[in-house]
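Hi,

Here is the structure I promised to pass on to you. Have a look at it first, and then read on for what turned up in it.

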Amino acid sequence: MKLIVENLLCQRGGVPVLEGVSFTLGPGEALVLRGPNGSGKTTLLRTIAGLQPAAGGRIELAEDAVAYGAHADGLKATLSVAENLAFWAAIYGTDDVDTALDTYALRGLAGRPAQNLSAGQKRRLGLARLLVTGRPIWVLDEPTVSLDADSVAMFGRAVGAHLAGGGSALIATHIDLGLDARVLDVSEFAATGKMAADGFDEAFA
Amino acid sequence: MIALLVRDLKLAMRAGGGFGLGLAFFLVVTVLVPFGVGPDSGILGAIAPGILWIGALLACLLSLDRIFQLDYEDGSLDLLATAPIPMESVVLVKALAHWLTSGLPLVLAAPVLGVLLNLPAGGYLWIVVSLLIGTPALSVIGTFGAAITVGLRRGGLLLSLLVLPLYVPVLIFGTEAARRGAEGLANTTPLLMLAGISAGVLALLPFAAAAAIRVNLR
Amino acid sequence: MSIWEYANPRKFMGWTGRLVPVFVVLAAVLIGVGLTWGFFFTPDDYRMGATVKIIYIHVPSAMMAINAWVMMLVASLIWIVRRHHVSVLAARAAAGVGVTMTLIALITGAIWGQPMWGTWWAWDPRLTSFLILFLFYLGYLALWQAIDDPDTAADLTSVLCLVGSVFAVLSRYAVNFWNQGLHQGASLSLDKEENVADVFWQPLVVTMVGFGLLFVALVLIRTRTEIRARRLHALEARERMG
């Protein structure tokens with residue numbers, strides 16, 4: 001399960017944000033994205049997750065390989081912790097909710113409605129969702145927001161276990177997760193603005 | 001897909017508003033009509049099928065903007081879009097859940113409200129049959145409208161403006177079927193047309209709605 | 001050189017810039033001639049009297065109202081298939097003209113209906129269909145207005161236009177089924193008994209061609225405006241991004 005990105009052009013609201021993005025991510029590898037706010041990390045991750053089309057270049061990726069984790073956790077306030085996880089497990093056709101609960105120390109909260117969780121607990125539940133997807137490539141956008149030091153370590157161990165199992169992870173974060181990961185600074189790829197994606201602009205040039 | 005349906009039904013039950021609000025709205029509209037047109041039972045009986053259809057249609061409209069909006073806001077829709085079920089199925093399930101929580105209760109309540117409007121005895125069967133065939137189309141068309149407006153601020157008002165003109169054929173054939181049935185006339189043609197529209201929108205609109213959602217998530 | 005080259009924004013601005021004045025002048029001349037001919041040099045109808053003369057505005061505007069929607073549909077399809085920006089902007093331009101033409105057709109129809117049928121409005125199938133068409137135009141234009149991102153707006157309005165077209169045809173059929181109506185049949189079909197007489201028909205053809213040219217001219221002018229607005233939007237967006 002390899003992710004190959006070649007000369008990718010990403011745009012946001014019709015304006016190019018990143019251009020010439022190239023990297024590969026093999027099994028057992030992690031890649032950390034850095035860059036100031038607004039530099040296009042989220043746009044890049046959403047493009048790789050298939051939520052928005054690439055304006056140019058190539059993404060080579062097996063079908064149904066990516067598990068995407070966004071800023072929002074997609075939790076339902078009136079469902080319990082276990083119900084939230086069981087729902088996503090059913091959607092992805094897996095059934096191992098217990099491992100996910102244990103990995104993020106949510107066992108004791110399993111019956112509690114998600115609306116009664118703290119921000120950090122919600123985040124842990126959102127991250128536990130990744131485990132029930134059974135997908136090999138994790139694409140994560142700022143996963144450690146609102147996590148305390150213990151929870152960050154918990155997350156670091158989970159990613160480590162995922163990598164050891166042959167998975168891979170692409171993570172936008174500013175925190176050191178204690179992983180042996182390469183770092184990619186997206187500001188290197190900031191679009192110069194000369195290249196218009198749709199041919200509409202240069203037609204006037 | 002079943003998991004999604006079960007989840008949506010659970011959410012509707014626990015949030016409360018799901019079943020109750022639409023029904024209460026339907027009741028209030030029906031009760032207001034005699035105040036507007038007068039208590040003459042002849043007039044009320046004649047317009048009852050139309051009033052029940054319009055009431056059901058408006059009650060259906062009320063809950064449309066919640067179909068995708070909540071999932072959009074909490075990020076679930078992004079996650080569903082990257083999940084291994086096609087967006088077309090998500091749309092269909094959402095429409096089905098909307099029909100089960102909004103459309104079906106209206107169908108069941110219509111004959112009760114028919115009593116208030118002095119619906120002729122022959123009309124009860126046909127109001128239920130026409131609503132049963134027609135309300136799925138209302139849900140599917142409404143789901144399409146919700147998919148178009150999901151990312152918009154002030155989407156609710158726009159949603160009504162987009163969806164109501166699309167409801168015209170359903171409303172016409174639905175009321176015709178109910179009215180003709182109530183008057184003891186042959187109503188096979190409008191019923192078949194209504195069934196045709198329901199089948200057609202079920203088969204085709206999920207594709208348009210799924211395309212609209214993908215555009216809105218970009 | 002393929003025909004699509006002419007739809008490249010810059011080329012489009014070039015050739016339309018030269019054509020628009022021609023269309024405007026031709027439309028003005030034809031509408032002027034047609035209306036003068038129709039208003040002052042045709043006899044009063046034996047049944048309708050002088051009120052028949054509003055036909056020279058009513059019928060052409062009604063035709064353009066429908067043509068504008070057809071054009072929107074074709075342009076939206078071109079956008080969906082070829083993602084040609086000019087085509088979707090032309091669709092938006094056509095909608096603005098179409099909604100105006102629909103309104104003109106409805107108003108002139110009401111003015112004509114008052115003396116003829118004794119009522120400003122009747123729920124006749126044709127009138128009702130036009131009213132529904134008017135609602136469709138409003139929804140389409142409101143959707144354009146509500147979305148900031150031009151590509152998103154183009155995609156969503158195109159989808160709405162396709163779905164709306166199917167429902168517009170369905171509504172027409174449903175409305176016919178619902179009420180048989182007062183309105184006369186098509187004025188211009190070749191085999192109808194109640195066809196309008198030649199004296200009325202000839203100036204009508206002139207005004208219809210005139211309205212057609214006016215429609216083309218207005219759509220071109222509005223498309224040019226939309227292209228400039230789109231260009232401005234792109235420049236502003238780039239400015240914001242630094």
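A term to start with: a salt bridge here is a side-chain nitrogen of Lys or Arg within 4 Å of a carboxyl oxygen of Asp or Glu. Please keep in mind that this is a predicted model. By that rule, 4 salt bridges are found across the interface of chain B and chain A. One to look up is between the side chains of B:Lys10 and A:Glu83, with N and O 3.2 Å apart.

Which helices of chain B give two or more residues to the side that touches chain A? They are H1 (2-15), H4 (66-73), H5 (76-81) and H10 (188-217). H1(B) gives the most, with 6 residues. By class, this side of chain B has 11 nonpolar, 3 polar and 8 charged residues.

The contact takes 22 residues from chain B and 24 residues from chain A. Together the chains bury about 2000 Å², 64% of it on carbon and sulfur atoms. In chain B, the residues that lose the most area to chain A are B:Leu79, B:Thr82 and B:Pro84, together 31% of what that side buries.

Now to chain A itself. Strand E1 (residues 3-12) pairs with E2(A) in the antiparallel sense, over 7 bridges, and A:Leu3 stands opposite A:Leu25 in E2(A). The two strands form a hairpin with 2 residues between them, and A:Gly13 in the turn has a positive phi of about 60°. In strand E2 (residues 15-25) of chain A, 8 of the 11 residues are buried, so this strand is largely enclosed by the rest of the structure.

Enjoy exploring!

Technical notes. Residues are numbered from 1 along each chain as its sequence is written. Chains are lettered from A and ligands numbered from 1 in the order in which they are written. This is a predicted model: local features need pLDDT of at least 70, side-chain atom pairs count only at pLDDT 80 or more; totals for chains, interfaces and linings use all residues. Side-chain values use heavy atoms; hydrogens and water are left out. Buried means under 20% relative accessible area, exposed over 50%, partly exposed in between (1.4 Å probe, protein chains only). Helices (H or I, at least four residues) and strands (E, at least two) are DSSP runs, numbered from the N terminus. Two strands pair if DSSP finds at least two bridges between them. Contact means heavy atoms within 4.5 Å. Buried area is the accessible area (1.4 Å probe) that two parts lose on being put together, summed over both. Ala, Val, Leu, Ile, Met, Phe, Trp, Tyr, Cys and Pro count as nonpolar, Asp, Glu, Lys and Arg as charged, and the others, Gly among them, as polar.
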